[in-house]
Structure formats: structure tokens, C-alpha cells
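Dear colleague,

Please find below the structure that I am handing over to you.

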Amino acid sequence: MTDTFSDYVDSAPLLDDHEALHKFYDEHGYLYLRGVLDRDLVRTAAEQMLEGLITLGHAATGTTLDTLTIESFEAVDEVAMHEHVEYDALWNHPKTVEVWEKVFGEPVFVFKSTTIRYYPSAAGSAEPSFLTPLHQDGFYIGPNKDFRTAWLPLLATSRGIGGVAIADGSHRKGPREHVLTENFRRFGHAVRGIPAEEFGPDEQLLFSPMEPGDLLLFHAFTCHKSIPNVSANPAGMRMSMDTRVQPATSHRGFNALTPWTESAKDPSKGVLSKITGTPATSE
């Protein structure tokens, strides 16, 4: 599979037609919902992330979201950053809950675990090792697979700034093999990803520029990967958040109930377990 992209299809016009929305999701394994989240709520989360970077000394006092840049993602204390971003206030705000319930057609539960990302430009450098290779979230998270990953940008994205690329319809083939990928590493460990030969010629990567307020949701077995930030002239920041959402009646496992700050380096079930490829099949 080559890194050429077609655009996501905007499903926001289908939000009030659950049958059509469900049909599109079943076929493609994702929903791209343009402008469905409250932009003020998203802006607040972005400003909180900015203040965290300033407080922790990675950006100068007086830096704005328009002028923000940092030297290194890996130099930032990820656990400390989580203390500054009130992401649950966005995920569980009544305006956001209304979107979840339109998508699922029923009450939902939002995972307690959220990942926050603040990636500076790596233009002219090797691809950062902290990015994620092609993978399926359902390989790592369980035991039930009826959750959907929710990804949103806090600042506008572009092909240069990067984001997440998804393989259209790839969920229909179910779980795939994940092998150690030495070029991608977190906490000193190689990250597991899907070998290129696991993909067929019909599995096309999708990627579109996104604005704050846009939302991308995808299936537990939708294959996806990071697109690096290679923006230049000017260089921009990729700032985003992602969590998982599931029906309220479904089983709530370790990843659903445990905040990222508590699970980040748990050797048995947390983020470290995911990175080293020990999926949580029963929780």
C-alpha cells in the first residue's frame, strides 16, 4: 500500500438518518463528521494544552495557539500534561453526548482513557519513532470490540501537519496479525504494527484536512496509522485528542475504566502492554 490518499466522506448530513448512517459505517468502518462538535469546547481544550506546555516550560509565556511550537514531543512529561487538559469536560458535555447518541442510536459510555498529542514539525528529519504504524485498536483493547475510536483535531490539520489515515472498509476482514516494528518505539519498546502484506489492493488509505469541531470515528478493526507532521514555511503543530466510545450497556474493561495517567506504564494491561503487543483479551 502506497501513501496516496483519497478524502474521507462527510457523514454529518446523515446524522438524523440513523439507518443510512449505520449502513455507511458498516460498509466503510468509519464516520467523518464535519463540524459536529462545539468549537468553543474544542478551543478550550486546545488552550488548556497550550497552558500545560507553557507551565511545563516547553513554550514561552505569551505563546498563542497561532505561534505555538515546541522542540520535542518526547521531552514533555506526558503524565504531567494530562493534569492540564480537562478532556472529559468535552467528551461528556451535553452537546457532545448528543452527537454520540445520534451516532450510536443509544446511550453511550466514554472511556476514561484519553490520549493527547502535541507533535511539532519534523520537516527535514527522519520520521519520528513515537508515531504509530498501521494497526487496529481492537488488537489491543478488549474484551468487547463494539467500541469506536473517536479522534479530533484541536488545531486545523493539513497534509503537511498530518493526523490519522484510515484504510477504507478494512474492518470487514476482522483482526489481523501485528508484528514488532522497530522503526516505531514508545517507552523504549518497539511498537507492534500490521505487515504490509496483510493489505489488499482494494484497501485504500483515506486522509483529509480537518478543522476543530470535526470528528473522526472508526471501528475497532479499522486499520489506521499516524501521518507525520512535516509542515514547513510555516511549521505548524499537530494537536489532537482521541478516546473510545461504546454502548452504555456493553462490558467495561480495564481500558474503559482506567485513566491514561494510571495505565500508561502498567506492565500487564496499560499502555505499555499495548505497545509491547500483549492485548487485553479478558478484563
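Phenylalanine 73 counts as buried, at 3% relative accessibility; buried means under 20% relative accessible area, exposed over 50% and partly exposed in between, with a 1.4 Å probe and protein chains only. Phenylalanine 130 is buried too, with a relative accessible area of 8%.

Please note that this is a predicted model, in which local features need pLDDT of at least 70 and side-chain atom pairs count only at pLDDT 80 or more, while totals for chains, interfaces and linings use all residues. Residues are numbered from 1 along each chain as its sequence is written, and side-chain values use heavy atoms, leaving out hydrogens and water.

Aromatic rings

Rings of Phe, Tyr and Trp (its six-membered ring) are paired if their centres lie within 6.5 Å; planes under 30 degrees apart count as stacked, over 60 as edge-to-face and the rest as tilted. The count by this rule is 12 aromatic pairs. Phenylalanine 73 and phenylalanine 130 form a tilted pair, 4.7 Å centre to centre with 50 degrees between the planes. Phenylalanine 73 lies in the loop between helix H2 (39-55) and helix H3 (78-82), and phenylalanine 130 in the loop between strand E3 (115-119) and helix H6 (137-140), so the pair ties together parts that are 57 residues apart in sequence. Phenylalanine 139 and tyrosine 140 make an edge-to-face pair, at 5.0 Å centre to centre and 85 degrees between the planes. Both are buried: phenylalanine 139 at 19% relative accessibility and tyrosine 140 at 8% relative accessible area. Helices (H or I, at least four residues) and strands (E, at least two) are DSSP runs, numbered from the N terminus.

Ring pairs also link Phe5, Tyr8, Phe24, Tyr30, Tyr32 and Phe207 into a cluster.

Arginine 148 sits over two rings: its charged end is 3.7 Å from the ring centre of tyrosine 25, and it lies over the face of phenylalanine 104 at 4.6 Å from the ring centre. The criterion is NZ of Lys or CZ of Arg within 6 Å of the ring centre and within 35 degrees of the ring normal.

The buried residues of H2, among them Leu41, Ala46, Met49 and Ile54, pack against H3, helix H4 (87-91), helix H5 (94-104), E3, E4 and E11. Aspartate 38 caps the N-terminal end of H2, with a side-chain oxygen 2.9 Å from the backbone nitrogen of aspartate 40. Glycine 57, which follows H2, has a positive phi near 85 degrees.

Cis peptide bonds

Glycine 142 and proline 143 are joined by a cis peptide bond with omega about 10 degrees, and proline 143 lies in the loop between H6 and strand E4 (148-153). The bond from asparagine 233 to proline 234 is also cis, with omega near 5 degrees; proline 234 is in the loop between strand E10 (224-227) and strand E11 (238-247). Asparagine 233 has a positive phi, near 50 degrees, although it is not glycine, and is exposed, with a relative accessible area of 79%.

Yours sincerely

Definitions and conventions. Contact means heavy atoms within 4.5 Å. A polar contact is a pair of N or O atoms within 3.5 Å; within protein, one must be able to donate a hydrogen and the other to accept it, and residues adjacent in sequence count only if both atoms are side-chain atoms.
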